[in-house]
Amino acid sequence: MKNYLIFAVLGAMLASWGWGIWGTPTDIHMGEVYRIIYLHVPCAMTAFFSSFLLFITSILALWRKDDVFQQYGKAIAEVGIIFTLLTLFTGSIWGYPTWGTYWTWDARLTTTLILAILYAGYLLLYASMSRGPQRAKVCAVLGIIIFADVPIIYKSVTWWRTLHQPPTLMRPGGSSMSGDMKSALVTNIIVMLLIALILIWERVRNLQLEQKLEELSYRAMR
Amino acid sequence: MTDPVPFITAAYLIGMLLIVGFATWIQWHRQKIKRTLSLIQP
């Protein structure tokens, strides 16, 4: 993939952030600080989407014994942890002016932190085991467990009493957002998903090159 | 009411740092692997 595609998508990200910050109306309840939503929600959606991709990859890794699914799994987990951490950081920054605290052991926040820990666990497991069917199996099982956390995160605001607001975009009876806000938010989500896909693709290429290097070095040493 | 500007700025700066930083690291890492590969491969 050519570098200009990465620059184009990063440019689209900056433009859609600009739309959210300067081109949308002020929220009547939260004021200006709500504008973090244009970063926070797309990051959360991307973290969830990554876990879905990891689930598919894990199933494929169990079904077809091919190294490429392990490489995809690692790349997806790396992208997943970055977007989960961003969700936590931006939510925390939003939380202070809104709730008066950066962190609280609220159900939504705690289950999202668990997602970050699970992604980190996947990467640690991947790094600590050598290449082979054993690693493929163990990582695939953890990949499926990671995906199981996502519905719990999503439903946490309705299952438990939490500080976090209930869903505003995808809720029964339609979104409670104004048209302008909704368009900007959906655009930001699409752009962030594209960025995640490109980052995964690029990272897999590196992992494949690394494997090639490993094989060549091994052959050279024999 | 708390001034929202520092919070919005901090959130987007962290976002930029992590996403652009990761994309840059991927490119830098690829160049590093390619350099090593060119030394091993004839």
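User: Contact means heavy atoms within 4.5 Å. Leaving out residues up to four places away in sequence, which residues does A:Phe83 touch?

Analyst: A:Phe83 touches A:Cys43, A:Thr46, A:Ala47, A:Met192, A:Ile195, A:Ala196, A:Leu199 and B:Ile19. This is a predicted model: local features need pLDDT of at least 70 and side-chain atom pairs 80 or more, while totals for chains, interfaces and linings use all residues. Residues are numbered from 1 along each chain, chains are lettered from A and ligands numbered from 1 as written, and side-chain values use heavy atoms, without hydrogens or water.

User: Back up a bit. How many helices and strands are in chain A?

Analyst: Chain A has 6 helices and 0 strands (DSSP runs: H or I for at least four residues, E for at least two). Its C-alpha atoms fill a box of roughly 70 × 40 × 30 Å along the principal axes.

User: And how much of chain A is buried?

Analyst: Of its 222 residues, 49% are buried (under 20% relative accessible area; exposed is over 50%, partly exposed in between, with a 1.4 Å probe and protein chains only). Take contacts in chain A between residues at least 6 apart in sequence: 75% join residues at least 24 apart.

User: Which residues have the most contacts inside the largest nonpolar core?

Analyst: A:Phe83, A:Ile195 and B:Ile19, in a core of 62 residues. Such a core is a set of buried Ala, Val, Leu, Ile, Met, Phe, Trp, Tyr and Cys residues joined through side-chain atoms within 4.5 Å.

User: Which helices supply this core with at least two residues each?

Analyst: In chain A, α1 (3-22), α2 (37-63), α3 (67-99), α4 (107-128), α5 (133-159) and α6 do, together with α1 (5-40) of chain B. The largest share, 13 residues, comes from α6(A). Another core, of 5 residues, lies apart; among them are A:Leu209, A:Leu213, A:Leu216 and B:Ile33.

User: I clicked on A:Ala184. Where does A:Ala184 lie, and is it buried or exposed?

Analyst: A:Ala184 lies in helix α6 (residues 179-221) of chain A. A:Ala184 counts as buried because its relative accessibility is 0%. Beyond residues up to four places away in sequence, A:Ala184 touches A:Trp19, A:Thr24 and A:Tyr38.

User: New topic. How many residues does each chain put into the contact between chain B and chain A?

Analyst: Chain B gives 27 residues and chain A gives 38. About 3000 Å² is buried between them, and carbon and sulfur atoms give 80% of that. (Buried area is the accessible area, 1.4 Å probe, that two parts lose on being put together, summed over both.) B:Phe7, B:Tyr12 and B:Ile19 supply 24% of what chain B buries against chain A, more than any other three residues.

User: How many salt bridges are there between the two chains?

Analyst: The count is 1. A salt bridge puts a side-chain nitrogen of Lys or Arg within 4 Å of a carboxyl oxygen of Asp or Glu. B:Arg30 pairs with A:Glu202, with the closest N and O atoms 2.9 Å apart. A:Glu202 is buried at 2% relative accessibility, and B:Arg30 is buried at 3%.

User: What about A:Arg131? Which residue does it bridge at 3.0 Å?

Analyst: That is A:Asp67. A:Arg131 sits in the loop between α4 and α5, A:Asp67 in helix α3, 64 residues apart. At 39% relative accessibility, A:Arg131 counts as partly exposed. A:Arg131 also bridges A:Glu214, closest N and O atoms 3.8 Å apart. A:Glu214 lies in helix α6, so this pair ties together parts 83 residues apart in sequence. Through shared partners, A:Asp67, A:Arg131, A:Glu214 and A:Glu215 join into one network of salt bridges.
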